[in-house]
Every structure is written in structure tokens, then in C-alpha cells.
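Let's take a friendly tour of a protein model. Keep the structure open beside you as you read.

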Amino acid sequence: MELIIPKLAIAVTFHYSEARLLYLKTIAQEFSELAHEVNVYIITNDSSTENKQAIEECLRNYTCKYEIIVPTYIGHPFLLTWGHLGLFRKLLITDTTVTHFLYL
């Protein structure tokens, strides 16, 4: 029997607000405990360098790989919660090593 090492892709919808950075940091500290390998994708509405750096600071001290994505195709900001769908579809095709997907 072949041992499958879990690899998790996590998409976090994060409508940028400085006050919410604390919550992002709180949940991020648990990500590395969820699987052997964890890739985190922060889907946010703010593309400013300053705010991206603030998000990166929340994730910097953890062992997970992370990427910040600012979708331009969603139209209305309330549709940000659907930004993970295209990402998961792409990962399903391009990264066959991902065993689990988590959306927050």
C-alpha cells in the first residue's frame, strides 16, 4: 500500500481591513498543523503594496508557502468570496499532488 502524504491548499478570502489582520494572523498560526505540506492563497481586494506587506507580515513566521491574489475578474467586491473557485479548478488540473482543499 502506497502512503499518501497530505498536501493541503487553503484559500482564505480576506476583504482588506487593518482591524481584521489580527484574525488572519490568528488562523494562520494553525495552518501548518493541518497537513504535511500547506500552500495558502490569500484572496483579497486590495492590491496596494503597503496592504500586501501587512498581510505578508501576518504569514511570515509560519512554515506554509503563501501567495496573495488580487482577482481582477470578479466585478463587484461582494463577489470576492467566489475568487477561490478558479484557483481550485486550476490547482486540480496543474498540481496533482494536492490531496485536500480548504476554503475559509
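This report looks at the strands, then at one threonine, then at the aromatic rings.

## About the model

This is a predicted model, in which local features need pLDDT of at least 70, side-chain atom pairs count only at pLDDT 80 or more, and totals for chains, interfaces and linings use all residues. Residues are numbered from 1 along each chain as its sequence is written, and side-chain values use heavy atoms, with hydrogens and water left out.

## Strands and crossovers

Helices (H or I, at least four residues) and strands (E, at least two) are DSSP runs, numbered from the N terminus. Two strands pair if DSSP finds at least two bridges between them. Start with strand β1 (residues 7-14), which runs parallel to β2 and is joined to it by eight bridges. For example, T13 has I43 in β2 as its bridge partner. On the way from β1 to β2 the chain passes through helix α1 (residues 21-28), and this β-α-β crossover is right-handed. Right-handed here means that, with the strands pointing away from the viewer, the path from the first strand over the helix to the second runs clockwise.

Next, β2 pairs with strand β3 (residues 65-69) in the parallel sense, over five bridges. I42 has its bridge partner, I68, in β3. Another right-handed β-α-β unit is made by β2, helix α2 (residues 49-59) and β3.

## A covered strand and its threonine

How many residues of strand β2 are buried? In this strand (residues 37-44), seven of the eight are, where buried means under 20% relative accessible area, exposed over 50%, and partly exposed in between (1.4 Å probe, protein chains only).

T44 belongs to β2 and is buried, at 0% relative accessibility. A polar atom of its side chain lies 2.7 Å from the backbone oxygen of F14. Leaving aside neighbours within four places in sequence, the residues in contact with T44 (heavy atoms within 4.5 Å) include F14, Y16, I55 and L80.

## Two aromatic pairs

Rings of Phe, Tyr and Trp (its six-membered ring) pair if their centres lie within 6.5 Å; planes under 30 degrees apart count as stacked, over 60 as edge-to-face and the rest as tilted. The whole structure holds two such pairs. F14 and Y16 form an edge-to-face pair, 6.0 Å centre to centre with 85° between the planes. F14 is buried at 6% relative accessibility, and Y16 is buried at 14%.

Why is the pair of F88 and F101 tilted? Their planes lie at 55°, so the pair gets that name, and the ring centres are 4.8 Å apart. This pair links distant parts of the chain, 13 residues apart: F88 is in helix α3 (residues 84-94) and F101 in strand β4 (residues 100-103). F88 is buried, at 14%, whereas F101 is partly exposed, at 31%.

Definitions and conventions:
Polar contact = N/O pair within 3.5 Å; in protein donor to acceptor, adjacent residues only side chain to side chain.
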